[in-house]
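Here is a short walk through one protein model. Keep the viewer open and follow each stop in turn.

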Amino acid sequence: MMLTNIDALARDWLNAKAAEDAAKDLRYKIEDQITQALEVKDEGAITHTLEDYKVTLTQPVTRKVDAKKWQMVMDKCPAALLPIKMKVEADAAGCKWLMNNEPKIWDKIAIAFTTTKGKIGVKVEVAK
(Lines give C-alpha, C1' and ligand atoms only; values in the text may rest on other atoms or scores of the structure.)
Protein backbone atom coordinates (compact mmCIF):
# COMPACT_ATOMS: atom_id res chain seq x y z
CA MET A 1 0.00 0.00 0.00
CA MET A 2 1.35 3.42 -0.98
CA LEU A 3 1.58 6.06 1.75
CA THR A 4 -0.25 9.21 0.63
CA ASN A 5 0.64 12.71 1.75
CA ILE A 6 -2.38 12.86 4.07
CA ASP A 7 -1.43 9.46 5.54
CA ALA A 8 2.04 10.84 6.23
CA LEU A 9 0.51 13.92 7.85
CA ALA A 10 -1.75 11.73 10.02
CA ARG A 11 1.26 9.62 11.07
CA ASP A 12 3.30 12.75 11.83
CA TRP A 13 0.38 14.18 13.82
CA LEU A 14 0.19 11.03 15.95
CA ASN A 15 3.95 11.12 16.55
CA ALA A 16 3.87 14.80 17.47
CA LYS A 17 0.87 14.26 19.78
CA ALA A 18 2.66 11.40 21.56
CA ALA A 19 5.78 13.56 22.03
CA GLU A 20 3.62 16.44 23.28
CA ASP A 21 1.81 14.19 25.78
CA ALA A 22 5.12 12.77 27.05
CA ALA A 23 6.57 16.28 27.46
CA LYS A 24 3.43 17.45 29.26
CA ASP A 25 3.55 14.46 31.64
CA LEU A 26 7.20 15.19 32.42
CA ARG A 27 6.44 18.90 32.99
CA TYR A 28 3.61 18.02 35.40
CA LYS A 29 5.94 15.72 37.39
CA ILE A 30 8.56 18.48 37.59
CA GLU A 31 5.92 21.05 38.62
CA ASP A 32 4.78 18.70 41.40
CA GLN A 33 8.36 18.42 42.71
CA ILE A 34 8.80 22.21 42.57
CA THR A 35 5.56 22.82 44.50
CA GLN A 36 6.67 20.29 47.11
CA ALA A 37 10.04 22.04 47.51
CA LEU A 38 8.86 25.65 47.67
CA GLU A 39 6.24 27.55 49.66
CA VAL A 40 2.83 27.86 48.03
CA LYS A 41 0.23 30.37 49.22
CA ASP A 42 -3.28 29.16 50.02
CA GLU A 43 -4.47 31.64 47.38
CA GLY A 44 -2.63 33.92 45.00
CA ALA A 45 0.98 34.03 43.83
CA ILE A 46 4.37 33.91 45.51
CA THR A 47 7.71 34.38 43.75
CA HIS A 48 10.84 32.58 44.87
CA THR A 49 14.22 33.93 43.78
CA LEU A 50 16.66 31.08 43.38
CA GLU A 51 20.33 31.15 42.46
CA ASP A 52 19.72 31.14 38.70
CA TYR A 53 15.93 31.37 38.37
CA LYS A 54 12.82 33.10 39.59
CA VAL A 55 9.93 30.72 40.17
CA THR A 56 6.40 32.04 40.65
CA LEU A 57 3.82 29.65 42.06
CA THR A 58 0.20 30.67 41.69
CA GLN A 59 -2.62 28.95 43.58
CA PRO A 60 -5.90 29.77 41.86
CA VAL A 61 -9.12 29.45 43.83
CA THR A 62 -12.53 29.20 42.20
CA ARG A 63 -15.67 30.20 44.04
CA LYS A 64 -19.13 29.22 42.86
CA VAL A 65 -22.54 29.93 44.27
CA ASP A 66 -25.42 27.50 44.63
CA ALA A 67 -28.36 29.57 43.38
CA LYS A 68 -30.99 27.80 45.50
CA LYS A 69 -28.97 28.08 48.71
CA TRP A 70 -28.08 31.69 47.86
CA GLN A 71 -31.78 32.55 47.64
CA MET A 72 -32.20 31.20 51.19
CA VAL A 73 -29.38 33.31 52.71
CA MET A 74 -28.99 36.43 50.54
CA ASP A 75 -31.15 38.57 52.86
CA LYS A 76 -28.57 38.04 55.64
CA CYS A 77 -26.07 40.27 53.80
CA PRO A 78 -26.50 44.01 53.14
CA ALA A 79 -27.36 44.70 49.49
CA ALA A 80 -24.27 46.88 49.02
CA LEU A 81 -22.03 44.01 50.15
CA LEU A 82 -23.51 41.12 48.17
CA PRO A 83 -20.59 38.95 46.97
CA ILE A 84 -22.17 38.05 43.64
CA LYS A 85 -22.10 39.31 40.06
CA MET A 86 -24.76 39.04 37.45
CA LYS A 87 -23.16 38.12 34.15
CA VAL A 88 -24.75 38.74 30.77
CA GLU A 89 -23.53 36.28 28.19
CA ALA A 90 -24.66 34.96 24.84
CA ASP A 91 -26.71 31.76 24.75
CA ALA A 92 -25.20 30.01 21.71
CA ALA A 93 -28.12 27.60 21.29
CA GLY A 94 -30.63 30.46 21.58
CA CYS A 95 -28.74 32.55 19.02
CA LYS A 96 -28.59 29.66 16.57
CA TRP A 97 -32.30 28.91 17.07
CA LEU A 98 -33.25 32.54 16.40
CA MET A 99 -31.07 32.65 13.27
CA ASN A 100 -32.72 29.51 11.90
CA ASN A 101 -36.31 29.97 13.10
CA GLU A 102 -36.88 33.71 13.58
CA PRO A 103 -34.48 35.45 11.16
CA LYS A 104 -36.43 38.74 11.24
CA ILE A 105 -36.02 38.98 15.02
CA TRP A 106 -32.38 37.89 14.78
CA ASP A 107 -31.68 40.57 12.18
CA LYS A 108 -32.93 43.23 14.62
CA ILE A 109 -30.65 42.10 17.47
CA ALA A 110 -27.66 40.55 15.68
CA ILE A 111 -25.62 43.76 15.96
CA ALA A 112 -25.21 43.06 19.70
CA PHE A 113 -23.52 39.68 19.12
CA THR A 114 -20.10 38.68 17.85
CA THR A 115 -19.53 35.26 16.34
CA THR A 116 -15.97 33.95 16.21
CA LYS A 117 -14.85 30.54 15.01
CA GLY A 118 -12.45 28.69 17.28
CA LYS A 119 -9.52 26.45 16.44
CA ILE A 120 -10.52 23.41 14.42
CA GLY A 121 -10.12 20.25 16.48
CA VAL A 122 -8.17 17.38 14.94
CA LYS A 123 -8.24 13.80 16.18
CA VAL A 124 -6.23 11.06 14.49
CA GLU A 125 -6.45 7.38 15.32
CA VAL A 126 -4.79 4.35 13.82
CA ALA A 127 -7.27 2.53 11.60
CA LYS A 128 -7.83 -1.08 12.59
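Begin with K69. This lysine counts as exposed because its relative accessibility is 53%, above the 50% cut-off. The model is a predicted one. K69 sits in helix α2, which covers residues 67-73.

Next, go to helix α1, residues 5-37, where I30 is found. I30 has a relative accessibility of 42%, so I30 counts as partly exposed. I30 also belongs to a nonpolar patch on the surface. L26 and I34 complete that patch. Together the three residues have about 250 Å² of accessible area.

Strand β1 spans residues 44-49 and holds H48. Is H48 buried or exposed? H48 is buried, because its relative accessibility is 14% and the cut-off for buried is under 20%. A polar atom of the H48 side chain lies 2.8 Å from the backbone oxygen of E39. Leaving aside neighbours within four places in sequence, H48 is in contact with L38, E39, Y53, K54, V55 and L57.

Finish with the cysteines. C77 counts as partly exposed because its relative accessibility is 23%. C95 has a relative accessible area of 11%, so C95 is buried. How many disulfides are there? The count is zero, with a pair of cysteine sulfur atoms within 2.5 Å as the criterion. A disulfide is a covalent bond between the sulfur atoms of two cysteines.

Terms used:
Residues are numbered from 1 along each chain as its sequence is written. This is a predicted model: local features need pLDDT of at least 70, side-chain atom pairs count only at pLDDT 80 or more; totals for chains, interfaces and linings use all residues. Side-chain values use heavy atoms; hydrogens and water are left out. Patches are made of residues with over 30% relative accessible area and no salt bridge: like charges are joined within 9 Å, nonpolar side chains (Val, Leu, Ile, Met, Phe, Trp, Tyr) within 5 Å. Accessible areas come from the Shrake-Rupley method with a 1.4 Å probe; for residues, only the protein chains shown count as cover. A salt bridge is a side-chain nitrogen of Lys or Arg within 4 Å of a carboxyl oxygen of Asp or Glu. Helices (H or I, at least four residues) and strands (E, at least two) are DSSP runs, numbered from the N terminus. Buried means under 20% relative accessible area, exposed over 50%, partly exposed in between (1.4 Å probe, protein chains only). A polar contact is a pair of N or O atoms within 3.5 Å; within protein, one must be able to donate a hydrogen and the other to accept it, and residues adjacent in sequence count only if both atoms are side-chain atoms. Contact means heavy atoms within 4.5 Å.
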